[in-house]
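Where do aromatic rings meet in a protein chain, and which parts of the chain do they bring together? The paragraphs below go through some examples in turn.

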Amino acid sequence: MAEKPELDVLLGTERTFPPPSAFARDAVLGDPAVYEQAAADPEAWWAAWADRLEWIEPWETVLDWSDPPHAKWFDGGKLNVSANCLDRHVAAGKGGRVAFYWEAEDADEQGEDGRKEVTYEWLLDQTQRFANVLKGLGVGKGDVVGIFMPMIPETAAAMLACTRIGAVHNVVFGGFSASSLKERMEVSEAKALVTADATLRRGAPMPMKEKVDPVLAGLPDLKHVIVVNRCDTGCEMKPGRDLDWHEALAAANPVCEPEPMDSEDPLYILYTSGSTAKPKGIVHTTGGYLTQVAATHRMVFDLKDDDVYWCAADVGWVTGHSYIVYGPLANGATSVMYEGAPDYPGRDRWWEIVERYRVSILYTAPTVIRSFMKWGEELLAGHDLSSLRLLGSVGEPINPRAWLWYHEHVGGGRCPVVDTWWQTETGAIMISPLPGITTTKPGSATVPLPGIEAGIFDRKGKLIAEGGGTLVLTRPWPAMARTLYGEPERFVETYWQRYGADTYLVGDAARIDEDGYFWIVGRIDDVINVSGHRLSTMEVESALVSHPSVAEAAVIGVPDEATGQAIIAFVTPQDGVEAGGEFTAELREHVAEKIGKLARPKTVCYADDLPKTRSGKIMRRLLRNIADGKELGDVSTLRDPSVVEALTAQVENATEG
Ligand code: WT7
């Protein structure tokens, strides 16, 4: 169970943290007037940020919102994302600048190869070569390319190469299962896939190519697989289909002119979980997206020339897209990219990395911070963390205790903490402190960024000035999702219908306090947030019921001290199946195979029947209350009250053990 809320109050939710004066003085944004200026003319505000990019053709209109919810940003403008992220820095004489300090998980054993200084020049070379490889395979503008890759520099080059020729990448997190990958390739009609033989995980190669091989045959549109050899595992290569990345790039033409793209051309698809079992293919476009990720990366992280920035997310999530690849590279930043696990070989690996590269900005998720808390601050003591000057958090609500620990033990009490709220759909940070301006309150993402407008609707659908309700965004923003791939109606229905076509329904509950600060509570739909990763209850349920011995399953998210939320599954086995230990292990493995390890239920409870209304609807409220150990309330509508007792007893056992 999560910590008691009273403790948080005692710990100082009352405490506030104004920006340190020296930080405020030198900040990228230090004048609170920016909020009023941007509110008075949001289009001018975003246009000024867009102006900092390199456009091949200027835009005609900043924003076309004549047909909500279909926005056009910087319409008429042409640009190329890879040229903005690479060529212009190289042309400005910064080719030798480090884009990524790449650190292998086994850096010490690998010698020179274990720590690479990936320069802008090198990335540009790899990007152009791979762009030509793709072209040679017949991949062109508008074609979809799957990317299933570890945290290695080639992943960034593969993404940038797509943008260079106008291909649309569809990155799938490397921890997803082969069947999740297959589904995402199938529905997006991907023509090619970039992957690696393996990646290192806690000292051992974790195969990737071999894992996906069995599903590739079932993908007729996917004609080419390009494989980066990371671990020398000697994976099988199918002649005519599979290509070795290094060989192909060595043979490729090193020059590939960037394709001029329309501002509204699609840049990428990224699948994320929704309320149904079918993942949603969020589509982001070019000009507005790049504008907002670059702008927010600069203003929220207060980016300066000499910063060493580390976003410790995986490139397979939107955080990696926006704040490892596109934002930082558009800004010509120097980042750290780390391949492996935070606790390998020791639990101080991260602090060793911060010390080694003199990291000044660290961006991570509350779940990781809570792990470090659990492991103890002694692990930090042996390392010089004095280079840090700013800390960021993303992915789930950060509880005040974790916020304060992060601030004190990682930041030495001197670094502002920016709790950044956003989503795959928003593309970029939306609600967050500006570290040189905003007084922070631990646990609150504070206020919408300049140019962004958010609000809270109460139960009656009224916009409220103070109190709790449903979070909405009330003004279009440049990086907003434009549609769901292949499902334009679902896009409108899911996000833009409840409160009208110009109001975006976020799917989070939130509270706004007397100072106008936003406190994000969590999802209001059937989405569970495990360690900052989004999963739908339906997705996990359908994975469970696909097991031949499962008759019925219901899944809920419950508060969990380590992972924010954890998955509890309630399962009715088929007759004659022995529930319990071994079967539970089998079910968890089955879910890992169907979706990925991240979706495995923490606890599985069994019952001959699930609590249902007389009309057969599973009563999730009851399941939630059982899991929380709460009073069950009105059970008069229940078909068979005895199932509740059976489940309650099991949950009590599970939580004691
Ligand atoms: C959901 C979006 C944004 C990139 C990573 C997750 C939750 C995200 C915060 C935060 C409270 C947060 C919300 C949101 N969330 N950041 N700072 N405070 N909650 O992207 O997988 O699209 O998930 O994550 O519930 O809706 P995502």
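Y504 is a place to begin: its relative accessible area is 2%, so this tyrosine is buried, the limit being under 20%. The model is a predicted one. W477 is buried as well, because its relative accessibility is 1%. Y504 belongs to strand β25 (residues 504-512), while W477 sits in the loop between β23 (467-473) and β24 (483-484), so the pair ties together parts of the chain 27 residues apart in sequence.

The pair is also part of a wider group. One aromatic cluster is formed by W65, W477, F491, Y495, W496 and Y504.

Elsewhere, the count of aromatic pairs comes to 33. One of them is formed by Y268 and Y289, again edge-to-face, with planes at 90° and ring centres 5.2 Å apart. This pair links distant parts of the chain, 21 residues apart: Y268 is in strand β14 (residues 266-272) and Y289 is in helix α12 (residues 287-300). Y268 and Y289 are both buried.

The ring of F176 has the charged end of R184 over it, 4.5 Å from the ring centre. For Y517, the residue whose charged end sits over the ring is K441, at 4.5 Å from the centre.

Definitions and conventions. Residues are numbered from 1 along each chain as its sequence is written. This is a predicted model: local features need pLDDT of at least 70, side-chain atom pairs count only at pLDDT 80 or more; totals for chains, interfaces and linings use all residues. Side-chain values use heavy atoms; hydrogens and water are left out. Rings of Phe, Tyr and Trp (its six-membered ring) pair if their centres lie within 6.5 Å; planes under 30 degrees apart count as stacked, over 60 as edge-to-face and the rest as tilted. Helices (H or I, at least four residues) and strands (E, at least two) are DSSP runs, numbered from the N terminus. Buried means under 20% relative accessible area, exposed over 50%, partly exposed in between (1.4 Å probe, protein chains only). A charge sits over a ring if NZ of Lys or CZ of Arg is within 6 Å of the ring centre and within 35 degrees of the ring normal.
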